[in-house]
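Have a look at the model first.

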Amino acid sequence: MLSSCARTANPDVERGSLFQYRDGFPELRTSSIGILSPDDQAQINVTSDIVLGSLIYTSPDDNENTRIARISLEIRILQQNGDFSETVQKSFRVEESFDGSYTSQEVFTHEEVIDVVPGTFDVQVTVLDQTSGKASSRESTATIPDPEDPQIGITTVRLLGKNINEESSTEFFPITTYTVPSRLDSLNFQFQVTNNDLEDPLTVETRLLKYPADKSPARPMNFNNYSPSSLPYIGVDMRRPDVVDDNIRRLDEPGSVLIDFKYDLLDIGTYRFEVETEDENGERIYRARDFSVLSENYPNIQTPRELAEPLIYLMDRRDHEEMMQIQDPDSLKEAVDRFWLSNIGNVNQARSVIELYYERVEQANKQFTNFKAGWKTDLGMIYILFGPPWYIDRYLNTMQWSYAYDRNDPRYNYTFERPNLKNEYFPFNNYLLQRSQGYFNIQYRQIQLWLTGAILTSRI
């Protein structure tokens, strides 16, 4: 419903991919970074993550317990204002056990390093599910400085992560998304600096910043609208960041230097790692990597706390606060189960309602994630409670979701406004529901459909 390319128009800030969910299509996340090899060969490192649960699997005749997905990957590289182009095509056979394959958020990762010439390139990655015939594409930009150029250059900042608790994660791996799950225990930022001036050593300053950002769940539909001065209205306050770390490094040797900074995983929040230096004329050279640390298994829901948090849309707020104060995971899981069963009663019906509810939570995460989890956004709240809209009407800074043929019926039409237009400096779609006291009965009725199990047969 809402999608994003891998990077904004501003080449100085890398943001990774936002999620791009389309039902029935392979989910693709990419990161394209320009680098220089140890012998100063210009290269583009393209990392592609394909979500296993988004692929179509078939069973070979000799093994009914195994499912096979077949995919093909195409990488196209085209130099901006130049003649260099390259296309790489590969096919893969992905084998998974039957259980869990269709819902798995684990990824198949392919990393390709392609020799190029110094310059700026458009990179397009396309993955085709050969079984369904459906394809998804992502586009990004990669810049590699010329090691022979006397001008000072900095490559794009690359973000990598590691989880020492997983057997397969003994080394850092590229993070292709804007979001970073909190199950990782360390992060690594890499970039390269070129300086061929033998007489003028280079000083490089790096900063790790944390921005004040709204992380609260969406408020009820009948509450007052957000104040223009409030953080939920602003979304992210880019004017007053907190400096988490600040370093200055002096480079005395000419040539290309690879620099990396390692950090233990940060608290949940919105961050930027930035690199800055000056050329021989005193002009600023700047690169940055934006990212947001979210829940442990983001974008899917697994732990008891992850299951409990989205229940705020169905529970009294005080009851939900009491539930979230439970620290023991087993006790919290029992409280979640007790909430569902005490309301619905029938175990089989409850299981179907629970599956539908958390399916919508995960889809909201994939469709509406910005500086906070997708389920916490106003769009995510309406999507979870009412499902996908029948019609969407978009204007410059407003959007209307309709759940009926009558576009004027206030019971089935909801308007969202965007305080900040999405641009290279504010790359988020921060749509806010236009709340009304008249929505009290509408939201109450919808909550009762969930709590009684009638949502399974409801029109919305």
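This is a predicted model: local features need pLDDT of at least 70, side-chain atom pairs count only at pLDDT 80 or more; totals for chains, interfaces and linings use all residues.

The protein chain carries 45 positive and 71 negative charges, and their mean positions lie 9 Å apart. About 21,500 Å² of the protein chain is accessible surface, with 45% of that belonging to carbon and sulfur atoms.

As for the fold, you'll find seven helices and 22 strands in the protein chain. What radius of gyration would a compact globule with 460 residues have? It would be near 23 Å, and the protein chain comes in at 24 Å, so the two agree. Here are some figures for the whole chain:

| Property of the protein chain | Value |
|---|---|
| Span of the C-alpha trace along the principal axes | about 75 × 65 × 45 Å |
| Share of the 460 residues that count as buried | 53% |
| Share of contacts (separation of 6 or more) between residues 24 or more positions apart | 67% |

Now for the inside. Nonpolar side chains tend to be buried together in soluble globular proteins. The largest nonpolar core here has 54 residues, and W340, Y357, I382 and Y414 are the ones touching the most other members. Several elements each supply at least two residues of this core, among them helix 4 (329-344), helix 5 (347-368), helix 6 (378-386) and strand 21 (413-417). Leaving aside residues up to four places away in sequence, W340 touches L311, L314, G345, V353, I354, Y357 and Y358.

There's also a second, separate core: it has 26 residues, including I175, L184, V193 and L202.

Notes:
Residues are numbered from 1 along each chain as its sequence is written. Side-chain values use heavy atoms; hydrogens and water are left out. Helices (H or I, at least four residues) and strands (E, at least two) are DSSP runs, numbered from the N terminus. The radius of gyration is taken over C-alpha atoms; the globule rule is 2.2 Å times the number of residues to the power 0.38. Buried means under 20% relative accessible area, exposed over 50%, partly exposed in between (1.4 Å probe, protein chains only). Contact means heavy atoms within 4.5 Å. Accessible areas come from the Shrake-Rupley method with a 1.4 Å probe; for residues, only the protein chains shown count as cover. Lys and Arg count as positive and Asp and Glu as negative; His and the chain ends are not counted. The place of a charge is taken as NZ of Lys, CZ of Arg, CG of Asp or CD of Glu. A nonpolar core is a set of buried Ala, Val, Leu, Ile, Met, Phe, Trp, Tyr and Cys residues joined through side-chain atoms within 4.5 Å.
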